[in-house]
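Subject: Structure handover

Hello,

Here is the structure I promised. Please open it alongside this email; my notes follow below.

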Protein chains: 2
Amino acid sequence: MPILQPLSERLLLGPGPSNAHASVLEAMSRPLVGHLDPEFISLLERLKEGLRTLFGTSNAMTLPLSATGSAGMEAALVNLLERGDRIVVGVNGVFGGRMAEVARRAGAEVTTVEADWGHTLDASEMAEAIERVRPRVVSFVHAETSTGVCQPVEEIARAAREADAMVVLDCVTSLAGRPVELDAWGIDAAYSGSQKCLSCPPGLSPVSFSDRAIDFVGKRETSVQSWFLDLSLLANYYGGAQRVYHHTAPITATYGLAAGVDLVLEEGLEARYARHEAASKRLLEGLDALGFEPLVAESNRLPMLNALRLPERVHSIGEAPVRARLLDEFGIEVGAGLGPLAGEIWRVGLMGENARPETVDRLLEALRKILD
Amino acid sequence: MPILQPLSERLLLGPGPSNAHASVLEAMSRPLVGHLDPEFISLLERLKEGLRTLFGTSNAMTLPLSATGSAGMEAALVNLLERGDRIVVGVNGVFGGRMAEVARRAGAEVTTVEADWGHTLDASEMAEAIERVRPRVVSFVHAETSTGVCQPVEEIARAAREADAMVVLDCVTSLAGRPVELDAWGIDAAYSGSQKCLSCPPGLSPVSFSDRAIDFVGKRETSVQSWFLDLSLLANYYGGAQRVYHHTAPITATYGLAAGVDLVLEEGLEARYARHEAASKRLLEGLDALGFEPLVAESNRLPMLNALRLPERVHSIGEAPVRARLLDEFGIEVGAGLGPLAGEIWRVGLMGENARPETVDRLLEALRKILD
């Protein structure tokens with residue numbers, strides 16, 4: 001039996017990947033050029049510029065890292081931390097917890113500031129910890145994919161910079177679906193993923209580093225522990241006149257991301273953000289009638305990742321069996337809860353191309369049939 | 001101007017990427033399913049089995065790592081080394097040197113055994129160093145992409161295992177183009193790249209770890225320094241009944257690799273190896289008439305990566321200008337020399353789909369026109 005078998009059509013309304021736009025898939029079927037080909041270098045330059053627009057930054061070091069968002073997280077932390085450095089990490093979900101774990105493995109002294117899952121971090125608690133610890137790095141998550149919480153950024157970032165700490169922000173789920181303003185917010189390192197609101201397949205992590213971050217990496221006393229993620233080495237391929245070979249860039253995935261960013265820029269960021277808001281509103285209204293309740297307070301809800309407490313009707317059938325029926329009978333994937341929210345919530349993603357009324361209506365109709 | 005612009009058709013005869021087969025590109029244009037979708041998990045299981053055939057192993061932990069071959073190298077080394085562990089690394093080109101650097105950054109005590117670029121490692125020198133150092137890990141390169149040398153594996157691997165060391169082998173350029181027999185050779189960790197003889201786009205690194213290696217990782221005293229590459233965490237997604245989310249696997253790239261491995265298995269490994277040998281022979285004969293001379297002794301030449309000393313005629317025009325004319329006028333990419341061989345050699349890749357007489361003839365004809 002061949003490895004590659006026909007696969008079912010899926011409507012991907014989980015926490016990512018989302019469905020890729022046809023033009024992204026078409027781009028990925030184009031023939032390859034080499035990673036040092038002048039045409040590919042030009043493509044990378046245009047892509048870097050497009051990513052700067054999405055991130056709200058003029059950072060020179062803005063590029064598509066050759067791995068998934070988790071590698072983007074690791075790149076941000078291992079470049080900015082030396083063994084023994086202190087870091088304050090905000091933890092209100094899976095991805096804040098992952099940041100803390102990555103930092104520990106980089107040999108950092110980690111102080112966490114916790115908040116209940118489904119709630120935002122308390123900015124004054126973060127500021128107090130920053131003042132007390134005087135860390136090298138402060139890191140937290142803009143859009144917590146495990147809970148659907150959108151974290152206000154500016155107050156924490158200001159407290160960090162006043163303490164001369166560098167600020168790392170997880171934008172995996174927010175980029176291109178909700179405003180991200182790295183320069184206005186004072187962020188030193190941010191990372192995202194191709195498979196969320198950019199509607200590209202998973203595999204690349206757009207990242208951006210401030211000049212201050214680059215300066216720090218240049219002055220480190222020790223080598224970055226990861227050769228693959230070392231920013232100084234990456235800089236010699238992604239920037240500069242010489243374009244020194246580091247690793248072989250994923251050509252085809254880069255074509256796809258280029259097509260995805262083109263779609264975002266054609267639509268316009270404001271229109272895209274509004275489309276995500278409208279789709280989320282329609283979803284929450286429809287699900288309210290079925291007894292689903294939002295986990296997160298209205299002011300801090302992410303539109304592209306809707307965390308919903310399940311109605312009794314779903315619990316009585318069993319939440320996993322209902323998800324399995326959605327997938328098997330209707331071809332719709334939604335996400336389960338993680339950690340303390342496992343079995344308690346679903347995570348319904350309306351990301352990028354899927355943030356549209358017809359998508360929402362398809363899910364609502366399927367749920368009505370199953371739950372009636 | 002859109003980021004994605006039309007790109008020229010290229011014949012990729014450098015050190016990789018090679019051209020992807022049409023069926024691989026078609027596979028990559030298919031709609032996405034989720035990374036936890038039962039259909040995707042089944043695809044992964046079939047792909048793991050296919051990769052085992054290519055690697056010549058029954059290792060359960062054989063999988064497509066979600067990043068390029070350099071990340072595969074890092075995964076092999078950071079999982080098998082704890083800080084302070086000793087490693088013996090054979091260095092006879094760029095990639096042996098990279099292994100040593102990755103190991104240093106993992107906090108290992110590194111002993112290198114060097115050989116001149118273009119030559120194989122001396123097995124008795126390796127054995128002597130292994131006996132003296134008593135390392136945790138011995139690592140070297142099967143197919144040195146920077147020089148075109150094929151390293152005999154068995155004698156060094158035997159010496160390593162007699163000293164109770166684990167053996168790491170770089171198979172980036174050899175896999176699916178030349179016999180790789182991990183189990184027969186006694187290899188504990190090996191990695192490759194999708195963009196060489198597998199004729200898929202760059203972005204995935206097939207890796208394989210022996211049970212002995214997995215046991216070691218399970219008994220480590222310290223955490224693996226990379227969260228993204230931690231084998232214990234990867235094992236919970238790529239194996240086992242639960243399929244615990246770790247990172248979001250690159251769905252589309254996995255489709256492409258599945259199609260690529262299907263092509264290899266349809267052709268048969270022996271036929272594929274023979275095709276690589278025949279293409280290399282045809283190339284070397286044709287280039288001999290133009291004054292190019294193989295860098296590597298006949299018994300240790302890689303057929304998929306031909307390192308060639310340049311004739312006076314090329315030097316008189318300039319080797320970089322000749323490569324630029326090949327690219328601009330004929331759409332053919334060949335690779336430059338690296339390190340001490342920069343300006344001295346070219347590296348002509350005949351990998352996967354490109355290891356065919358018509359490909360060789362197209363290069364020879366173009367060179368005749370330029371050099372006449």
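This is a predicted model: local features need pLDDT of at least 70, side-chain atom pairs count only at pLDDT 80 or more; totals for chains, interfaces and linings use all residues.

Helix 2 of chain A covers residues 38–55, and helix 10 of chain A covers residues 251–267. The two pack with their axes 10 Å apart, at an angle of about 40 degrees. Helix 2 of chain A and helix 10 of chain A are therefore oblique to each other. Their crossing is left-handed.

Which residues make the contact? Helix 2 of chain A contributes A:Phe40, A:Leu43, A:Leu47, A:Gly50, A:Leu51, A:Thr53 and A:Leu54. From helix 10 of chain A come A:Ile251, A:Thr254, A:Leu257, A:Ala258, A:Val261, A:Val264 and A:Leu265. By class, that gives eleven nonpolar residues, three polar ones and no charged ones.

**The chain as a whole**

Chain A has 14 helices and 14 strands. Its radius of gyration is 21 Å, close to the 21 Å that the globule rule gives for 372 residues, so chain A is as compact as a globular protein of that length. The C-alpha trace spans about 65 × 55 × 40 Å along its principal axes.

Buried residues account for 59% of the 372 in chain A. Among contacts in chain A with a separation of 6 or more, 71% join residues 24 or more positions apart.

Best wishes

Note on methods. Residues are numbered from 1 along each chain as its sequence is written. Chains are lettered from A and ligands numbered from 1 in the order in which they are written. Helices (H or I, at least four residues) and strands (E, at least two) are DSSP runs, numbered from the N terminus. The radius of gyration is taken over C-alpha atoms; the globule rule is 2.2 Å times the number of residues to the power 0.38. A residue is buried if 20 or more other C-beta atoms lie within 10 Å of its own, exposed if 12 or fewer, and partly exposed in between; C-beta atoms are placed from the backbone. Two residues are in contact if their C-beta atoms, placed from the backbone, lie within 7 Å. Axes are lines fitted to C-alpha atoms, for helices over the stretch in contact, and angles run from 0 to 180 degrees between N-to-C directions. Angles under 35 degrees count as roughly parallel, over 145 as roughly antiparallel, 65 to 115 as roughly perpendicular and the rest as oblique. A crossing is left-handed if the near helix is turned anticlockwise from the far one by less than a right angle, and right-handed if clockwise. Ala, Val, Leu, Ile, Met, Phe, Trp, Tyr, Cys and Pro count as nonpolar, Asp, Glu, Lys and Arg as charged, and the others, Gly among them, as polar.
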